[in-house]
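User: I want to learn how to read a protein model. Can you take me through it step by step?

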Amino acid sequence: MHKKSNMILTAVFIVFMFALTCTCWLKPETVYSESERRVLASKPDFSISAIASGKFMTDFESYTTDQFPFREHLRMIRALFSTNVLGRMETHQLYTYGGHIAKMEYPESPEMIDYAVNKLNNIYNKYLKDTDCKIYLSIIPDKNCFLAPQKGILSLDYPSFIEKCKSKLSYMEYIDIVPLLSADDYYLTDSHWKQENILDVAVHLGDKMGTDVSAEYEVVKLDLPFKGVYAGQSALPVKGDPLNYLTNDTLKNAVVTYYDTGMPKEGELYNMEKAHGKDPYEMFLSGTSPFITIENQNAKTQKELILLRDSFGSSLAPLFAEGYSKITIVDIRYIQSDFLGNLIDFNHSDVLFLYSTTLLNNSTALR
């Protein structure tokens, strides 16, 4: 009887594995993972040379892992088991605390700091050194600054990290915004900050640059919860945040021009198509645009601002419009800094270098 039971179990297992293999091979390939925001591995080419070199088996392993049936459900089960049963503090460098999902930022990379500093120094030496521009620097802490010590997770020494950057860029006037921020100013499942929570940051930066950017705003709430990049990467069942944006008459009447193709094209301050797309945060200034201008013909002054920034600046830049007649927004991750002289008049302007600790510690994207 025992032998018969083993044979039945073995047969069931073989049938199950055969059915699973057939399902994996015959089901239509999933090209893109919306939750992980990455392209998935496709079926490898079968050839004698690929088998002999071992490439086929390596690619086949990646393919079966990415195309496995019910993969999203299994990812969630694995994540829940890892955190709730095994008690792991982090999985794939992601951890949870106080309803937030955050990604570890550790260790500090002196080489990356130096790389970023060299890029910014080149811009200064090439375009700003002999001008009358007022030059400012502000560093945005990632939310680990507020969460990691509470969770007991390794993280950057943020005061030391910022001090090192300041000392290497001493010709810039530093504006400290860290005391104005807390974990609640960031989305629960994303790295970025909430626009409606950083009005005090915008006003503080404006004051330090000698410009009043304060204004009254209407908070517009979109009809969808915002689940950021960490929600999909963690595979945990989580709640999203409300996705809001700020507007008033100044922003409604501002002229926003994008230079994505090199030619000017007017667009919207808030891109509603992207708000309902793969990464809703890209609604702010259409996400990864290399060069944008915002013009306010009714500004309080005729001052102009040149903002060199990463993605955090997308939601902050509109909040400067009240106090500047023109804001030029540059992202040197997507445009060569050597070309900036062809696009920008670096005279008679405030210049703000605004970068997150995440980018400065992983700066190879700067061009």
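This is a predicted model: local features need pLDDT of at least 70, side-chain atom pairs count only at pLDDT 80 or more; totals for chains, interfaces and linings use all residues.

User: Which residue in the hairpin of β3 and β4 takes a positive phi?

Analyst: G98 does, with a phi near 60°. Two residues lie between the strands of this hairpin.

User: What is the order of the strands in the open sheet of eight?

Analyst: The order is β6-β5-β14-β12-β13-β11-β9-β10, with mixed pairing. β6 (173-174) and β10 (265-267) stand at the edges with a single partner strand each, so one side of each has no neighbour in the sheet.

User: Why is strand β11 described as largely enclosed by the rest of the structure?

Analyst: Start with burial. Buried means under 20% relative accessible area, exposed means over 50%, and partly exposed is in between (1.4 Å probe, protein chains only). β11 (residues 291-295) is largely enclosed because four of its five residues are buried. β11 pairs with β13 (residues 326-330) over five bridges, in the antiparallel sense. There, F291 stands opposite V330. β9 also joins β11 antiparallel, through four bridges.

User: Which residue of β11 is the bridge partner of V255?

Analyst: E295 is the partner. V255 itself is found in β9 (residues 255-258). V255 is partly exposed, at 28% relative accessible area. Contact means heavy atoms within 4.5 Å. Leaving aside neighbours within four places in sequence, V255 is in contact with E266, T293, I294 and E295. V255 and G267 are twelve residues apart in sequence, yet their C-alpha atoms are 8.0 Å apart.

User: Is L222 buried or exposed?

Analyst: L222 is buried, with a relative accessible area of 10%. L222 lies in strand β7 (residues 218-226). Not counting residues up to four places away in sequence, L222 touches L243, N244, Y245, M272, A275 and M283. Y245 is 23 residues from L222 along the chain, and their C-alpha atoms are separated by 8.2 Å.

User: How far apart are the end C-alpha atoms of helix α5?

Analyst: The expected span of a helix is 1.5 Å times one less than its number of residues. Helix α5 (residues 110-128) has 19 residues and should span 27 Å. Its end C-alpha atoms are 25 Å apart, which agrees. The buried residues of α5 include M112, I113 and A116. The buried residues of α5 pack against β5 (134-140), α7 (158-168), β12 (304-309), β14 (350-356) and α13 (357-360).

User: What covers the buried residues of α6?

Analyst: The cover includes β3, β4 and α7. The buried residues of α6 (residues 144-151) are N144, C145, F146, L147 and A148. G152 follows α6 and has a positive phi, near 80°.

User: Which side chain does S315 join in a polar contact?

Analyst: A polar contact is a pair of N or O atoms within 3.5 Å; within protein, one must be able to donate a hydrogen and the other to accept it, and residues adjacent in sequence count only if both atoms are side-chain atoms. The side chain of S315 joins that of Y281 at 2.9 Å. S315 is in helix α12 (residues 313-316). S315 is buried, with a relative accessible area of 0%.

How values were computed
Residues are numbered from 1 along each chain as its sequence is written. Side-chain values use heavy atoms; hydrogens and water are left out. Two strands pair if DSSP finds at least two bridges between them.
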